[in-house]
Amino acid sequence: MENKGYSKLAYILCALFLGSFGIHSFIAKKPIQGILFILTTIIGWLTVALIIGGVILFIEGIVIIIQIIMAASKPSDQYGNIK
């Protein structure tokens, strides 16, 4: 049996603990989104001394929380995978 989905638990845990590095996006086979998370984190930390860096990191955190909620609300198959 071919498994095309990805683990719901792994996605949520990676988003929760490694979300700013975009690891959860790579798990979901969205490498461009993962790279954007990495770049946003780098830009945010480089400009954290300015007000804009904190705002960027805050918005990124909100996006990650939304992604966690969306993944948690998706139905999973008998193996705990979502598509």
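Helices (H or I, at least four residues) and strands (E, at least two) are DSSP runs, numbered from the N terminus. I noted that Thr41 is found in helix α3.

**Entry 1, ground rules.** I am working on a predicted model, where local features need pLDDT of at least 70, side-chain atom pairs count only at pLDDT 80 or more, and totals for chains, interfaces and linings use all residues. Residues are numbered from 1 along each chain as its sequence is written, and side-chain values use heavy atoms, with hydrogens and water left out.

**Entry 2, the whole chain.** I listed four helices and two strands for the protein. Along the sequence I read the pattern β-α-α-α-α-β. I took the box filled by the C-alpha atoms along the principal axes, and it is roughly 50 × 20 × 15 Å. I looked up burial (buried means under 20% relative accessible area, exposed over 50%, partly exposed in between; 1.4 Å probe, protein chains only). Of the 83 residues, 29% count as buried. The protein exposes about 5,700 Å², and carbon and sulfur atoms supply 76% of that area; the areas come from the Shrake-Rupley method with a 1.4 Å probe, and for residues only the protein chains shown count as cover. I then turned to contacts (heavy atoms within 4.5 Å). Among contacts with a separation of 6 or more, 45% are between residues 24 or more positions apart.

At what angle do α3 and α4 pack? I found about 150 degrees for α3 (residues 31–46) and α4 (residues 51–73), with their axes 8 Å apart. The axes are lines fitted to C-alpha atoms, for helices over the stretch in contact, and angles run from 0 to 180 degrees between N-to-C directions. The two helices are therefore roughly antiparallel, a label for angles over 145 degrees. From α3 I noted Gln33, Phe37, Thr40, Thr41, Ile43, Gly44 and Trp45 in the contact. From α4 the contact takes Gly53, Ile56, Leu57, Glu60, Val63, Ile64 and Gln67. By class I have seven nonpolar, six polar and one charged (Ala, Val, Leu, Ile, Met, Phe, Trp, Tyr, Cys and Pro count as nonpolar, Asp, Glu, Lys and Arg as charged, and the others, Gly among them, as polar).

Is Thr41 buried or exposed? I have Thr41 as buried, at a relative accessible area of 7%. Leaving out residues up to four places away in sequence, Thr41 touches Ser20, Leu57 and Glu60. I also checked Lys29, in the loop between α2 (23–27) and α3. Phi of Lys29 is near 60 degrees, a positive value in a residue other than glycine. Lys29 counts as exposed, at 58% relative accessibility.

Definitions and conventions:
Parallel < 35°, antiparallel > 145°, perpendicular 65-115°, else oblique.
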